[in-house]
Amino acid sequence: MIMTFSQNKIDTIQVDRTSTILYYLFDGKTPNGLNNTTGDHVTISFVDGKIDNLKVVGGVEGKYVPDRLVIGREAEYNLTGFNWKPKPTIK
């Protein structure tokens, strides 16, 4: 995995081994489901610290799950070994 930074912000991540990415999709600000994709090479580009472009090439396999099937069952779709910890909120 190679990560590059520009002005103290992440710019790109490149993974040259078979990788699996799980990401949530949105229509504007409305959740639209999730996508679980595996491929031989992954490139993630960022703009202002947020994902701008995600590219998966070679041996690509993916699965889309509509939001109505994900809500309330997010943990069931996590990657194996991944332990999601919600962001703490300041009160």
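I began with methionine 1, which lies in the segment before strand 1 (2–6); strands here are DSSP runs of E of at least two residues and helices are runs of H or I of at least four, numbered from the N terminus. I noted methionine 1 as exposed, with a relative accessible area of 71%, where exposed means over 50%, buried under 20% and partly exposed in between (1.4 Å probe, protein chains only). This is a predicted model, in which local features need pLDDT of at least 70 and side-chain atom pairs pLDDT 80 or more, while totals for chains, interfaces and linings use all residues. Residues are numbered from 1 along each chain as its sequence is written, and side-chain values use heavy atoms, with hydrogens and water left out.

Next I looked at the loop between strand 1 and strand 2, where I found glutamine 7 and asparagine 8. Glutamine 7 has a positive phi of about 55 degrees and asparagine 8 one of about 65 degrees, although neither is a glycine. Glutamine 7 counts as exposed at 76% relative accessibility, and asparagine 8 is exposed at 81%.

Leaving aside neighbours within four places in sequence, I recorded contacts (heavy atoms within 4.5 Å) of isoleucine 44 with Asp11, Thr12, Ile13, Ile51, Asn53 and Leu54.
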